[in-house]
Amino acid sequence: MDLTYTPAQKAFRAQVREWLKNNVPAERLQSYDTREGFEQHRQWEAKLADAGYSAVTWPKDLGGSGCDLTEWLIFEEEYWAVDAPARVNQNGILLLGSTLMEFGTPEQKARFLPRMARCDDMWAQGWSEPNAGSDMAAISSRAIRMGDKFILNGQKIWSTRAIFADWVFGLFRSDPTSSRHHGLSYILVPLNTPGITVRPIRAINGREHFAEIFFDDVEVPVENLLGAEGKGWHVAMATAGFERGLLLRSPARYQRSAQKLVDLYLRNQVDADRDHSIRDAVLRAWQGAEAYTLSSYHTVGRLNKGAQIGAEASTNKIVWSELDIMIHETAMRILGARAELIDDAEANEWLEGFLFSQAGPIYAGSNEIQRNIIAQRMLGLPKS
């Protein structure tokens, strides 16, 4: 694997670095799990879009910069290095946007992608249901076709940021006689449609990070169907691949966290070295972030040559979710009792990260499910 950057890639890095230097907000934005913070992030994303940086891999006519995945990795490295604001519309841009590129009609791409890039439309994901979490094939929410529209009924839960979003993309059972992964359709739904009720679910930090969505005879035009009717499972698996693979969690995110962990350790080394295992944990976290980065560059090299990510996306998901926990647990050990002081800005940032990291092995498909996928589809092991 050749890790030498081309002159064009170096020039792109310099361009991105200069733009971020001149445009990243001087003060940290409020949490996007609040109404005010959500709108602040929406405005920031629009500014990114104006520069072509909201979705750098998208074609220019759809709101992007036409970059390849190597340039995306470069952009992410520069973005995270300056602690730029977290991306609030990642469900749209990174998950649905990539899926629309693959399965959307030309009309759907033109209709949705430019507005998504500017965050004129903010998106939530509507997959999980009370009785269908990691077992997504157990979905029971219905979409009955009536001429040129679908009638939606059912409930979605754990929809990230749906309390503030404009749209939701979800799976619905369009063939009432079907079961499991058959007869599902992938439908895009505006959340202001009559018959929709959105109720917030407070996260462990007390903020409205999630929501549950109720559909009561909701009418949606058939033109909002993504992919073929009844073939939504195939489309959803592409979205899941983007979610578990590279796009949702870039390696730069963990490189930055690992570097902050090293800095935290060095500032508190006298106390931290009373437990020699802490130093080893810091080293393992830093090595893990670097290993994930090298693996990502290797994967991108293959993708740039025409390869595809299949079941190996499950290994990525396990790596980044467990790495996140390792980094933040180590920070908690360094901080000790100070980690619980919510009026300490640094400690509070690590505590927030620690609490969020606990969800990593669950969302995007639990790690237990991912290990089953690896065993069956990559290693060829029989089902138990």
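The domain assignment, whose bounds come from an automatic or database source, divides the protein chain into the three parts tabulated here.

| Domain | Residues |
|---|---|
| domain 1 | 7-87 |
| domain 2 | 123-232 |
| domain 3 | 249-379 |

The model is predicted, so that local features need pLDDT of at least 70 and side-chain atom pairs count only at pLDDT 80 or more, while totals for chains, interfaces and linings use all residues. Residues are numbered from 1 along each chain as its sequence is written, and side-chain values use heavy atoms, with hydrogens and water left out.

Between the C-alpha centres of domain 1 and domain 3 there are 22 Å, and 13 residues from domain 1 and 13 residues from domain 3 take part in their contact, where contact means heavy atoms within 4.5 Å.

UniProt, in an unreviewed entry, places the feature "domain: Acyl-CoA dehydrogenase/oxidase N-terminal" at residues 6-118; such annotations may be inferred rather than shown by experiment. This span is 64% helix and 0% strand, and its end C-alpha atoms lie 30 Å apart, with helices (H or I, at least four residues) and strands (E, at least two) taken as DSSP runs numbered from the N terminus.

Gln 9 belongs to helix 1, residues 7-23, and touches Thr 4, Thr 70 and Ile 74 when residues up to four places away in sequence are not counted. Gln 9 counts as buried because its relative accessible area is 13%, the classes being buried under 20%, exposed over 50% and partly exposed in between (1.4 Å probe, protein chains only).

Leu 379, in the segment after helix 12 (367-378), is by contrast exposed, because its relative accessibility is 59%.
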